[in-house]
Amino acid sequence: MTLTGLVALGKNGMYAKLEYSQSMPHFGSAYIGIPFEMDSIDGHYYKVTFQCGPIDFQVIKKTSTLEYIPILKDKTKLYTNAQEFEVDSLDSWTEDNVPVFNLQIRDSNGLYNNIYWYPFTIAKYNDSRLNEFPITVIDICKYNFKVNDEPIDVYVDSQNKISIKTPEIKRGFRGGVYYKDIYELEDTIPLSNTFIKIKSVNFIKNEINYEIIPKSKDQLWISPQLIKAIGLGNNQKDGYLIDFFGSWCSPCILGLKELINHKKELYNKYEVITVACENNSNDYPKSKEILESIGVDWNIKYEIIGEGYNEEFQIRSYPTYVIINRNGLILLISNDVKDLLNHLNN
């Protein structure tokens, strides 16, 4: 497990991003305790109560141990889920070997949520006495499934939002297929040899209800969520044309001039976007100047190479032209503007 990013104060607790790890039962976000009740003797805290997102924790310091008692929002103490640790043990734990504990709580809607917590934190409080009472709570849990022997990881958070990952398939655009990091219910999910759509998840029976999505051999990939990923919105034209361009790329400039010469035909069929790809943001003005001089008046998005659409589509050469119909079928991927114009004319 790796905790990353700055710790920031949120309305439900201190917040830090968690990177996904195969060895941990969660990913996403964590609540790092906000102390709201401190009991002390001679200036030394012996009991601190923390607000940790969906639950509170009371941490009691004894002679050589710390006792952790989870507390519901109605002040009910869950003594059966309490844990006690030797202080020396806490000092030896790191992000990689700290034990993780699970408990189940009922929310305001009567639904049960799984809470993961551990006696560790990356927070450093201004009041150094609080650093002796480490606590972090995660309210996202993971369930493991298999489809055709391929692992499917399903995550659910305290709001019962479901996220889906395919842990053995890396994100990117390969072979006409767009692989994402995270999917939602009803998304088309590409596996190695088939596509599926998860309709529902039964966490009690540990079952998923899914359907196989037919794939035609002569189609690259029909992907409704690809349209959402592009962020172009809905339109009534035939589809979308994405032009990956760089101000440093002579073929990109020549290709754009060809597109301008066929602007009327393009506008009749496609919603067009040029993705201006640069090595750093200082080059954006140069891109803008070139695009304006050529006469580009459609959507323009400025990106650093290796980020955004570049990364999503795994673009490695420029220019690259991608045509997608409005149902999400990828019709063309090419580095040659002639292929684009031939497709347009046909």
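A disulfide here is a pair of cysteine sulfur atoms within 2.5 Å. With that in hand, let's work through some exercises together. The structure is a predicted model, in which local features need pLDDT of at least 70 and side-chain atom pairs count only at pLDDT 80 or more, while totals for chains, interfaces and linings use all residues. Residues are numbered from 1 along each chain as its sequence is written, and side-chain values use heavy atoms, with hydrogens and water left out.

**Exercise 1. Find the disulfide and determine its handedness.**

Step 1: A search of the whole structure gives 1 disulfide.

Step 2: The bond joins Cys249 to Cys252, with an S to S distance of 2.4 Å.

Step 3: The torsion about the S-S bond of Cys249 and Cys252 is about 80 degrees, so the disulfide is right-handed.

Step 4: Now look at Cys277, which is in no disulfide; the nearest cysteine sulfur belongs to Cys252 and is 7.8 Å away.

Step 5: Both Cys249 and Cys252 are buried, a term for under 20% relative accessible area, with exposed meaning over 50% and partly exposed in between (1.4 Å probe, protein chains only). Cys277 is buried too, at a relative accessible area of 0%.

**Exercise 2. Work out how strand E23 is enclosed.**

Step 1: Helices (H or I, at least four residues) and strands (E, at least two) are DSSP runs, numbered from the N terminus. E23 covers residues 320–325.

Step 2: Recall that in a regular strand the side chains alternate between the two faces of the sheet.

Step 3: On one side of E23, Thr320, Val322 and Ile324 are buried, and on the other Tyr321, Ile323 and Asn325 are buried as well.

Step 4: That makes 6 of the 6 residues of E23 buried, so the strand is largely enclosed by the rest of the structure.

Step 5: Strands pair if DSSP finds at least two bridges between them. E23 runs antiparallel to E20 (residues 239–245), with 6 bridges, and antiparallel to E24 (residues 330–334), with 4 bridges.

**Exercise 3. Sort the residues of helix H5 into a buried side and an exposed face.**

Step 1: In H5 (residues 284–294), the buried residues are Ser287, Ile290, Leu291 and Ile294.

Step 2: These residues cover an arc of only 95 degrees around the axis, taken from the directions from the helix axis to the C-beta atoms, which puts them on the same side of H5.

Step 3: The face turned away from that side carries the exposed residues Pro285, Glu289, Glu292 and Ser293.

Step 4: The cover over the buried residues includes E20, H3 (250–261), E21 (270–278) and E22 (299–304); contact means heavy atoms within 4.5 Å.

Step 5: After H5 comes Gly295, whose phi is positive, near 105 degrees.

**Exercise 4. Describe the surroundings of Glu303.**

Step 1: Glu303 lies in strand E22.

Step 2: Its relative accessibility of 4% makes Glu303 count as buried.

Step 3: Leaving out residues up to four places away in sequence, Glu303 touches several residues, among them Val275, Cys277, Tyr284 and Tyr309.
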